[in-house]
Amino acid sequence: MSHTIFKFKSTLLAALLCSATAAMAATPASPSVFFGPTPYLSSSDIPIGFYSAAGATVLDNLEDGSLHSSLIGSGGGSVLAAGFAGIRDSVDSDDGVLNGTCGPQTAGRCVSWFNGNGNSGATFTFQGAGALPTAFGLVWTDGAGTVTFSAMDADGQSLGSISSSSFPDGSFAAGTAEDRFFGVQFAGGIRSITIKNSGGGIEVDHIQYGQMAAAVPEPETYALLLAGLGLMGAAVRRRNRMGTNRALD
Ligand SMILES: [Ca+2]
Ligand SMILES: [Ca+2]
Ligand SMILES: [Ca+2]
């Protein structure tokens with residue numbers, strides 16, 4: 001008899017634990033989180049909390065004249081190498097000195113990604129081996145009008161977008177005070193990011209990705225886990241007591 005009761009309780013406990021696990025699994029993936037636009041003069045301006053403690057896996061400043069092999073750039077632009085001295089606008093630190101500029105006055109350095117059509121913008125798609133990035137960003141360095149940053153998940157579904165028109169200074173020189181970081185985190189993996197602006201051309205730099213810090217479980221998940229553990233503890237206590245009673249009988 002007691003064996004049957006124990007078996008019933010074990011089944012009940014297993015069912016309860018299963019339902020708690022199912023509830024955890026059924027919790028929708030955390031939504032995407034957008035970062036920026038925030039001022040960016042060097043990699044030390046990556047927003048706190050954007051990457052896990054390991055930092056960026058790849059941060060491409062384009063100074064070697066090509067896009068990192070784990071990325072495909074599309075939208076009509078390309079790496080803007082030497083020869084476009086009048087319009088290059090790179091991240092400030094890429095010439096080795098934080099001085100409010102990185103551009104034509106610095107021979108052979110200050111390389112950016114440029115598209116003469118800001119409306120087409122620039123898309124960077126991850127094509128590397130292994131898991132998709134869960135944190136993916138870049139730095140907008142020049143353009144005009146309203147700037148819009150968006151992202152796609154592994155299946156090509158939109159992860160949303162953010163827009164702002166408050167920071168472009170309307171100058172095509174290499175000033176860096178307007179330069180802004182944009183990024184997105186998504187635990188389910190990010191396939192690509194896109195940035196566009198509604199006026200003029202567009203320049204970007206410091207295309208970068210990595211893994212976001214592990215998500216902190218929601219309070220409801222903790223409650224379910226604790227409830228499951230509590231049930232298990234109660235069942236064990238009851239089983240021990242029954243065992244003691246039987247021994248006394
Ligand atoms: Ca500089
Ligand atoms: Ca650069
Ligand atoms: Ca700029």
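Phe34 stands opposite Val184, a residue of strand β9. That is in a predicted model, so please hear everything that follows as computed from it.

Which other strand pairs with β9? That is β7, residues 135-153, again in the antiparallel sense, here over six bridges. In this second pairing, Val139 is the residue opposite Phe181 of β9.

So much for the partners; now the strand itself. β9 covers residues 180-185, and six of its six residues are buried. Which residues lie on each side of β9? One side has Arg180, Phe182 and Val184; the other has Phe181, Gly183 and Gln185. All of these are buried, and both faces of the strand are covered. Note that Arg180 and Gln185 are among the buried residues.

Next, the disulfide. How many does the structure hold? One. Cys102 and Cys110 form it, with their sulfur atoms 2.0 Å apart. Why is this disulfide called left-handed? Because the torsion about the S-S bond of Cys102 and Cys110 is about -95 degrees.

Are its cysteines buried or exposed? Cys102 has 0% relative accessibility and therefore counts as buried. Cys110 is also at 0%, so Cys110 counts as buried too. The cut-off for buried is under 20% relative accessible area.

Definitions and conventions:
Residues numbered from 1 in each chain as written. Chains lettered and ligands numbered in written order. Predicted model: local features only at pLDDT ≥ 70, side-chain atom pairs only at ≥ 80, totals over all residues. Heavy atoms only, no water. Disulfide = S-S within 2.5 Å. Buried < 20%, exposed > 50% of the residue type's maximum accessible area, 1.4 Å probe, protein only. Helix = DSSP H or I, 4+ residues; strand = E, 2+ residues; numbered from the N terminus. Pairing = 2+ DSSP bridges.
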